[in-house]
Amino acid sequence: MKTGFVNIFGKPNAGKSTLLNALLGEKLAIVSSKVQTTRHRIKGFLTEPRQYQIVFSDTPGIIQPKYKLQEHMMRSVKNALEDADVALLLVDANDDVEENHQLFDSLKLKVPAIVLLNKMDETLSEKLEQAVLFFSEKSYCKKSVAISALKKWHIKELIETILYFLPQGEPFYNEDDLTDLPTKFFVSEMIREKIYLLYGDEIPYHTAVLINEFKEKNMLTKIQADIIVQRESQKAILLGEGGKMIKKLGTLAREDIEKFLQQKIFLQLFVKVRPKWRENELHLREYGY
Ligand SMILES: Nc1nc2c(ncn2[C@@H]2O[C@H](COP(=O)(O)OP(=O)(O)O)[C@@H](O)[C@H]2O)c(=O)[nH]1
Ligand SMILES: [Mg+2]
């Protein structure tokens, strides 16, 4: 049996979370068109009994941290660098290849890396071929291939390639488990995803979600969550005129959470102002960072 850790790295928006979901065939990581949506390392397990167990990790996009929350995000990238058996280096095929190369080179990887040129569905084939060739000659690159995480193109072949590089070993996790993160985590992420979807460019980056109550009562699960922002003005935007926006947020989030939990929920959202929470170690810890 083959087992090991396969960790996904890359610049923000390369499609790392989309790829994790495609590999698992299940939506575990939230996705948005905005950068830095992912703040944690998210592990998902792909198990084929008696054949393999691959522990995939999605990571936050690699950036130069500007505030403490981002420092914490980069710490989780660093941890993922250390325990990988195989690294998947994801590139938006339309992005600058040299810049991505600089980044990958700076990681000083000690494990085999597969460079994935993502978004092939919207890349000219000539550009794609050039990029594949460019990375195939780099020292850290064992193989470079084009994929589309969104359309799930070449995902099966990618799993075969990964298995080739994985060591033999016993599984780490139960074969029925998909992740080691608690349900509460995914619920808060689903709320966060809708914030990225509904609000402008700034708001999502000032926001955290905290689940205060998660109670199963008869047929209904009650979930109470706080949405934390840094300023009163942000609270007003989150609520919207007459509470219109937060209502919309609640509806969208509830639909997703119900699908995920496969049961009816009652979702209650409060908005709270915590000045400079992104710089505050205590708050960061409280909100799970
Ligand atoms: N056209 C296309 N878009 C993609 C593909 N993979 C991801 N995206 C889009 O790229 C954006 C960023 O994706 P996400 O997975 O959040 O990127 P991350 O920041 O690296 O985790 C989203 O709008 C995705 O829908 C792909 O293969 N093709
Ligand atoms: Mg992501």
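Which residue lies over the face of Tyr 67? Arg 278 does, at 3.5 Å from the ring centre. The model is predicted. A search of the whole structure gives twelve aromatic pairs. The protein donors of the magnesium ion (ligand 2) are Ser 17 and Thr 38, and the largest pocket has a volume of about 460 Å³.

**Aromatic pairs**

- Among the twelve aromatic pairs, Phe 104 and Tyr 140 have ring centres 6.2 Å apart. Their planes stand at 75°, so this pair is edge-to-face.
- Phe 104 belongs to helix α3 (residues 97–106), whereas Tyr 140 is in the loop between α4 (125–136) and β6 (141–146).
- Phe 104 has a relative accessibility of 1% and counts as buried. Tyr 140, at 9%, also counts as buried, because the limit for that class is under 20%.
- Tyr 164 and Phe 165 form another edge-to-face pair, with 5.1 Å from centre to centre and 85° between the planes.
- Tyr 164 is exposed, with a relative accessible area of 64%. Phe 165 is partly exposed, and its value is 22%.
- Phe 5, Phe 45, Phe 172 and Tyr 173 are joined into a cluster by ring pairs.

**Charges over rings**

- Lys 138 has its charged end over the ring of Phe 134, 4.1 Å from the ring centre.
- Arg 278 takes up a position over the face of Tyr 67.

**Positive phi outside glycine**

- Gln 262 has a phi near 55°, a positive value in a residue other than glycine. Gln 262 is placed in the loop between α8 (244–261) and β9 (265–273).
- The relative accessibility of Gln 262 is 72%, so this residue counts as exposed.
- Lys 276 has a phi near 55° and is likewise a residue other than glycine. Its loop runs between β9 and α9 (281–286).
- Lys 276 counts as exposed, at 61% relative accessibility.

**Magnesium site**

- The magnesium ion (ligand 2) has OG of Ser 17 and OG1 of Thr 38 as its protein donors, lying 2.0 to 2.2 Å from it.
- Ser 17 is in helix α1 (residues 16–24), and Thr 38 is in the loop between α1 and β2 (42–48).
- Ser 17 counts as buried, at 8% relative accessibility. Thr 38 is buried, with a relative accessible area of 8%.

**Pockets**

- The lining of the largest pocket is made of 26 residues; Asn 13, Gly 15, Thr 18, Val 31 and Ser 32 lie nearest its centre.
- Helix α1 supplies three residues, the largest share of the lining of the largest pocket.
- By type, the lining of the largest pocket has eight nonpolar, 13 polar and five charged residues.
- The second largest pocket holds about 340 Å³ of space. Its lining has 16 residues, of which Lys 27, Leu 28, Met 190, Asp 256 and Phe 260 lie nearest the centre.
- Both α6 (183–198) and α8 supply at least two residues of the lining of the second largest pocket. α6 gives the most, with four residues.
- Nine nonpolar, two polar and five charged residues make up the lining of the second largest pocket.

Notes: Residues are numbered from 1 along each chain as its sequence is written. Chains are lettered from A and ligands numbered from 1 in the order in which they are written. This is a predicted model: local features need pLDDT of at least 70, side-chain atom pairs count only at pLDDT 80 or more; totals for chains, interfaces and linings use all residues. Side-chain values use heavy atoms; hydrogens and water are left out. Rings of Phe, Tyr and Trp (its six-membered ring) pair if their centres lie within 6.5 Å; planes under 30 degrees apart count as stacked, over 60 as edge-to-face and the rest as tilted. Buried means under 20% relative accessible area, exposed over 50%, partly exposed in between (1.4 Å probe, protein chains only). A charge sits over a ring if NZ of Lys or CZ of Arg is within 6 Å of the ring centre and within 35 degrees of the ring normal. Donors are N, O and S atoms within 2.8 Å of the metal (3.2 Å for Na, K and Ca); water is not among the atoms, so sites may look incomplete. On a 1 Å grid over the protein atoms alone, a cavity is a set of points where a 1.4 Å probe fits but cannot get out, and a pocket is an open set with protein on both sides within 12 Å along at least five of seven lines; lining residues have an atom within 4 Å of a point. Grid points are joined across faces, edges and corners, and a volume is the space filled by probe spheres set on the points. Ala, Val, Leu, Ile, Met, Phe, Trp, Tyr, Cys and Pro count as nonpolar, Asp, Glu, Lys and Arg as charged, and the others, Gly among them, as polar.
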